[in-house]
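Here's a quick tour of one protein chain, written for someone new to reading structures. Have a look at the picture first, then read on.

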Amino acid sequence: MIISLFGATSAPQENRPFLPITLARLGVFDLSISAMSDHLESLRLFIRVARRGSFSAVGREVGVPQSTVSRTIATLEREIRASLLVRTTRAVTLTDAGVDFLTRIEPILANLDEAEQAARHSGELRGTLRIGIGTSLAARIVIPHLKPFLDRHPALRVDLLLDDQKQDLVREGVDVAFRFGALADSSATARKLVSWPRALAAAPSYLRKAPPLNSPADLAAHAIIIGTQGVGEWTFRKGGTTASIRLEGRLRITVLQGAYLAAVEGMGIVLTTLPAFRREFESGTLEHVLPEWDLGSVDVHAVFTSGRAAKPSARAIVAYLADILPNA
């Protein structure tokens, strides 16, 4: 006789509309759920290690010994029969298989977290939001305005990935990136947030010693600091007059924030967006060079990975910044 949730029966019936759930099978089901939960936690731990590049750092974050983190990842590797991480005394890096595994499982786990939130009918944002952003936009605009957003969503963790180069959104697990200028990446979807006017800036100490500067043509005699905008032709407009000039920078800096600091130190003239230097213009630390000439504008976009729905937290930060950036 089989003892089932539906009472006693002498034998399984061929035409029953359901299979009897025995107490033994319930035990197996419970064990399966437990194993599934453990496996999900192993995957989440792997994502943390992959992003931090350190077993010890992740151990401190989750409150377990480094050895426990290492053993958990080693067990995961045995289960899937693939080496995911390269371990050295200096760092932990991803193998090619690890990169592929990470890019596949991270959005899946994010979707699971969002499904749980939806099932609870909770508007609370949880999990980790990874934001790719340039150094200047982060330091001058976003970080000074970030605290109210974090206070509003205390269960959300935000990773700001500061990089003036364009990140590979999929490979680096970026949920949303903020980028300037034209977008050439056809594998992403974007939302335009604001258009900021370009401007030239220089320190008063530089301008006092530099040659006269009354028109764009005079820039040829000046020290130009080239930031992430690179070398190219700059076009100026005033009324019906258009002037284009190509300048070779004396100093090139790959991080835009560094180019700004060089300008403050009096090393030359830098091209920027007007909001980026608003405080310096107001304080007199920097002067707006050739302000009567229009240098055009640059668009700021929020960029999402194409092919998957944006995280609620990614949509939330974009909506939040969409209200802030036009008034920056």
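Let's start with a pair of helices in this predicted model. The axes of helix 2 (residues 55-62) and helix 3 (residues 66-80) come within 8 Å and cross at roughly 110°. Angles from 65 to 115 degrees count as roughly perpendicular, so helix 2 and helix 3 are roughly perpendicular to each other.

Which residues meet where these two helices touch? Helix 2 brings F55, S56, V58 and G59, while helix 3 brings Q66, V69, S70 and I73. Sorted by class, this contact has 4 nonpolar and 4 polar residues, and no charged ones.

Now zoom out to the whole chain. Here are some overall numbers:

| Feature of the chain | Value |
|---|---|
| Buried share of the 328 residues | 40% |
| Share of contacts between residues at least 6 apart in sequence that join residues at least 24 apart | 72% |
| Share of the accessible surface (about 18100 Å²) belonging to carbon and sulfur atoms | 53% |

Finally, pick out P211, which sits in the loop between helix 7 (204-209) and strand 9 (224-226). How exposed is P211? Its relative accessible area is 36%, so P211 is partly exposed. If you skip the neighbours within four places in sequence, P211 is in contact with A221 and H222. Take H222: P211 and H222 are 11 residues apart in sequence, and their C-alpha atoms are 7.1 Å apart in space.

Terms used:
Residues numbered from 1 in each chain as written. Predicted model: local features only at pLDDT ≥ 70, side-chain atom pairs only at ≥ 80, totals over all residues. Heavy atoms only, no water. Buried < 20%, exposed > 50% of the residue type's maximum accessible area, 1.4 Å probe, protein only. Contact = heavy atoms within 4.5 Å. Areas by Shrake-Rupley, 256 points an atom, 1.4 Å probe, with all protein chains shown as cover. Helix = DSSP H or I, 4+ residues; strand = E, 2+ residues; numbered from the N terminus. Axes fitted to C-alpha atoms, helices over the stretch in contact; angles between N-to-C directions. Parallel < 35°, antiparallel > 145°, perpendicular 65-115°, else oblique. Nonpolar A, V, L, I, M, F, W, Y, C, P; charged D, E, K, R; others polar.
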